[in-house]
Amino acid sequence: MTGNLQELKTLLDDVSEGHRLTVTEAESLFKVRDRSSFLITAAADALREKRCGNAVTWVKNQNINCSNVCVNSCGFCGYSCKPGDSNAFELTPEEVGEKAALAASRGVTEICTVSGLHPAYDLNSYLSIYRAIRENAPGVHIHASNPMEVAYAARKTGCSTREVLEAFRDASVGTLCGTAAEILVDEIRDVICPEKISTDDWVRIIKESHNLGIRSTATIMYGHCESVTDQVRHLSILRDIQDETHGFTEFVPLSFIHPGTPLYRKGMARPGATGREDMLMIAVSRLFLDNFTNIQVSWVKLGLKMVQIGLMSGANDIGGTLYEESISSSAGAKAGEYLDPADMLYISEDLGRTLVERRTDYSPVH
Ligand code: SF4
């Protein structure tokens, strides 16, 4: 199909008129390697304009990583370590509270927290963290945990994942992180994160969360050992969930950062996605995920110049300021820990688009 330029143009026209891309069509778009790639990004950019206008949105947020000690050993993770390792750390709830107070003094509207699966953590440990944030940063949205952490807290506490989510909600968790999705294909999960929850469990927990009124982000981690077919299977699962729950606030493609990861060092993964693949991941996602309004391009993974290309390929959101970032940098990412809104403004204005600060739910700050 994609060997034929006219057929490609017809397909892109059909999508812009409302045709829902099939899995086979999406796969064929991902496989385009020549200058026709720019037809796909242009179609995605036009759809972005139609669906969410010309604003480039961002959120003033701060990350708090509470511990890097983890019982799992995911092959793509350069962040985690084992108890007793020289770089192991664990914040007390008091220390989390101090970081939350600092974040609040910076005027953030969102605090994000994800941690390793600490061997001593149970549901109460997570709740102490959220209470510390709530007390020290009242009014700030808490975007926390992911389905893996929910499953872990349930297992360690002897309760159901639904009970964990209800407790999180009562402790002021506003939205759940849609991470730990990686690639929602069990054959790939068995290679890159064999101890993580299965695809079925991830889907069940995320739906449970949405049904309890806790919305979440949606992510994919691509560019390691998955195929285009796996990528599309993943996107298809997300689209089906969104049809059912409408609980995803945004889709965030996360490009694999390889240098510091066991997976790459053992020769089990390629050295990350290429620029073409990064660009097409954003574009095809925009075209395929017809029930998502917001597609984010990650500056942590891609750096500022590629972020601008992403904004021209279907993305409408840059993500957050972060202030602290250690998960991607531990794997070898070079983008740093903080993105200054002045830099966001620079690349947005260069595209003739307006930079708009948003909250977690995408309502404008002013
Ligand atoms: S990705 Fe998360 S669960 Fe996996 S090893 Fe790293 S910190 Fe642990």
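Colleague: Helices here are DSSP runs of H or I, at least four residues, numbered from the N terminus. Where does Lys 207 lie, then?

Modeller: Lys 207 lies in helix α9, residues 199–211. Keep in mind that this is a predicted model.

Colleague: Is Lys 207 exposed, partly exposed or buried?

Modeller: Partly exposed, because Lys 207 has 15 C-beta neighbours inside 10 Å. Buried would take 20 or more, and exposed 12 or fewer.

Colleague: What is Lys 207 in contact with, leaving aside neighbours within four places in sequence?

Modeller: Ile 241, Glu 244 and Thr 245. Take Thr 245: 38 residues separate it from Lys 207 in sequence, yet their C-alpha atoms are 6.9 Å apart.

Colleague: What about His 246? Which loop holds it?

Modeller: The one between α10 and β6, where β6 covers 248–255. His 246 has a positive phi of about 55°, although it is not a glycine.

Colleague: Buried or exposed?

Modeller: His 246 counts as exposed, because it has 12 C-beta neighbours inside 10 Å.

Colleague: What is phi near for Ala 180?

Modeller: Near 70°, again a positive value in a residue other than glycine. Ala 180 sits in the loop between β4 and α8, the latter being 186–192.

Colleague: And is Ala 180 buried or exposed?

Modeller: Ala 180 is buried, because 26 other C-beta atoms lie within 10 Å.

Colleague: On to α2. Which of its residues are buried?

Modeller: α2 runs over residues 23–30, and its buried residues are Ala 26, Ser 28, Leu 29 and Phe 30.

Colleague: What do they pack against?

Modeller: Three helices: α3 (37–52), α10 (228–245) and α12.

Colleague: What does Ile 282 touch, not counting residues up to four places away in sequence?

Modeller: Pro 253, Ile 295, Val 297, Gly 310, Ser 313, Gly 314 and Ala 315. Ala 315 is 33 residues from Ile 282 in sequence, and 6.5 Å from it in space, C-alpha to C-alpha.

Colleague: Helix pairs next. At roughly what angle do α4 and α5 cross?

Modeller: Roughly 35°, and their axes come within 8 Å. α4 is residues 93–105 and α5 is residues 123–136. The crossing is right-handed.

Colleague: Which residues make the contact?

Modeller: On the α4 side, Pro 93, Val 96, Gly 97, Ala 100, Ala 101 and Ala 104. On the α5 side, Ser 128, Ile 129, Ala 132, Ile 133, Glu 135 and Asn 136.

Colleague: How many are nonpolar, polar and charged?

Modeller: Eight nonpolar, three polar and one charged.

Colleague: Now the strands. How many bridges join β3 to β4?

Modeller: Three, and the strands run parallel. β3 is residues 141–144 and β4 is residues 173–176. His 143 stands opposite Thr 175 in β4.

Colleague: What does Thr 175 stand opposite in β5?

Modeller: Arg 215. Two bridges join β4 to β5, residues 215–222, and these also run parallel.

Colleague: Why is β7 largely enclosed?

Modeller: Because six of the six residues of β7, residues 317–322, are buried. Three bridges join β7 to β1, residues 55–63, and the two run parallel. Gln 62 stands opposite Leu 322 in β7.

Colleague: Last topic, the ligand. Which residues surround it?

Modeller: Cys 70, Asn 72, Ser 73, Cys 74, Cys 77, Tyr 79, Ser 80, Gly 116, Leu 117, Met 148 and Cys 193.

Colleague: How does that shell divide into nonpolar, polar and charged?

Modeller: Seven are nonpolar, four polar and none charged.

Notes
Residues numbered from 1 in each chain as written. Predicted model: local features only at pLDDT ≥ 70, side-chain atom pairs only at ≥ 80, totals over all residues. Near = placed C-beta within 6 Å. Nonpolar A, V, L, I, M, F, W, Y, C, P; charged D, E, K, R; others polar. Pairing = 2+ DSSP bridges. Contact = placed C-beta atoms within 7 Å. Axes fitted to C-alpha atoms, helices over the stretch in contact; angles between N-to-C directions. Left-handed = near helix turned anticlockwise from the far one by under 90°.
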